[in-house]
Amino acid sequence: LSIEDDVKGCASMIPSIQAITVKASLAQRFADYALKGKEECIALVRDQHLQQQGWAAVIANLDDIKDSVQKSFNHLTDLFAKFLENVPRFQEILRLALDDIALLAKVPVLPKLIDDVLSSEQESEVKHTLLTWFCTEPQYYLELLTEKCQAGIDVLNEDCLLSLKEEFFNVLKNADNPDIKEVKGIGDRLANLNKLIEDFDKHCNDQNEIKGIFSSDRMGYARDPNVLPDVCTKRELSDSINRRIQYISCIESDIHKMQTKIHNFWKYMQSVMNQINCLEQVLLAPQRYLKMCAEVCRRREFSSRYMK
């Protein structure tokens, strides 16, 4: 028999010691049910509080990732602005590079400037030019490097950054979607659940009082239908947060992809600038060569004058 049937049977019993015993036992059962129900409801409410805290941690992590990619993008735009400012200078270096490389390959270097580690046999076999003296790479490599740098400058234009910027702002927009980040009414929901627990606690106290007075007309509090259905909606919140977490996972994946694109853009830009800097050093070789020639002449003059 159900506890409801027991209540009806108890209510129809004639006053007797047996009736008192049955009512006392029934009151104890109601008190036990009330305590068990209270513990279950507290656990359900606690789980929902933990879900809310977990969701807050998810959003905090998303914000950290978003801030990180924002800083990376800002750093990239600053560097790119400086890159664009130097494009005219880069273009001038590349314009002169091919002719200068060809000229450096024809200019012989003074034998006295050749490294002493070379033997006389090696010196006779190898015709050192200013290019081979200054650069270990072959001439064709420098010519290919010049073309590669020019291609890099052509690619790294304002339209290239604009395309990346549009994609970047779309990712940020999705990451800042308030309909996903905010679980509407969750604060009020948790406050109401806490209030229900307080009400349930009062019902438990009532059941404990009933154990003493065996008032069967008040024995229904432990199964108050207005309490449990509202408390036992953890599944609804879980489903809502689960759907949002799936969305956040996609957003974080997009942010990581954007971070990779920003890094690759920066890395390519740095590579082009470093290569152009190497070419610039090659173009400065004649100046250094002349300075070294002047130093050789100065030392020879000094030797001829003071070391006879």
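This is a predicted model: local features need pLDDT of at least 70, side-chain atom pairs count only at pLDDT 80 or more; totals for chains, interfaces and linings use all residues.
Start with the whole chain. Of the 308 residues in the chain, 31% are buried. As for how the chain meets itself, take the contacts between residues at least 6 apart in sequence: 85% of them join residues at least 24 apart.

Now pick out helix H2, which runs over residues 17–104.

The crossing between H2 and H5 is left-handed. On the H2 side, the contact is made by Phe83, Val87, Phe90, Gln91, Leu94, Ala97, Leu98, Ile101 and Ala102, while H5 brings Gln139, Leu142, Glu143, Thr146, Cys149, Gln150 and Ile153. Sort the residues of this contact by class and you get 11 nonpolar, 4 polar and 1 charged.

Gln150 sits in helix H5 and, with 24% relative accessibility, counts as partly exposed. Setting aside residues up to four places away in sequence, Gln150 touches Gln91 and Leu94, and both of these belong to the H2 side of the contact. Gln150 and Phe90 are 60 residues apart along the chain, yet their C-alpha atoms are separated by 8.8 Å.

The other one is Cys149, which has 0% relative accessibility and therefore counts as buried. Does this cysteine sit within bonding range of a partner, or too far for a bond? The closest cysteine sulfur is in Cys278, and at 8.4 Å from the sulfur of Cys149 it is too far for a bond; the cut-off for a disulfide is 2.5 Å. The structure as a whole holds 0 disulfides. Cys250, for its part, has a relative accessible area of 48%, so this cysteine is partly exposed.

From H2, the residues involved are Leu62, Lys66, Val69, Gln70, Phe73, Leu76, Thr77, Phe80 and Leu84; from H6, they are Glu158, Leu161, Leu164, Lys165, Phe168, Leu172 and Ala175. By class, the contact of H2 with H6 has 11 nonpolar, 2 polar and 3 charged residues.

One of the charged residues there is Lys66, which has its place in helix H2. Is this lysine buried or exposed? At 16% relative accessibility, Lys66 counts as buried, because the cut-off for that label is under 20%. Leaving out neighbours within four places in sequence, Lys66 is in contact with Leu172, Ala175, Asp176 and Ile255. Leu172 and Ala175 are on the H6 side of the packing with H2.

Terms used. Residues are numbered from 1 along each chain as its sequence is written. Side-chain values use heavy atoms; hydrogens and water are left out. Axes are lines fitted to C-alpha atoms, for helices over the stretch in contact, and angles run from 0 to 180 degrees between N-to-C directions. Helices (H or I, at least four residues) and strands (E, at least two) are DSSP runs, numbered from the N terminus. A crossing is left-handed if the near helix is turned anticlockwise from the far one by less than a right angle, and right-handed if clockwise. Contact means heavy atoms within 4.5 Å. Buried means under 20% relative accessible area, exposed over 50%, partly exposed in between (1.4 Å probe, protein chains only).
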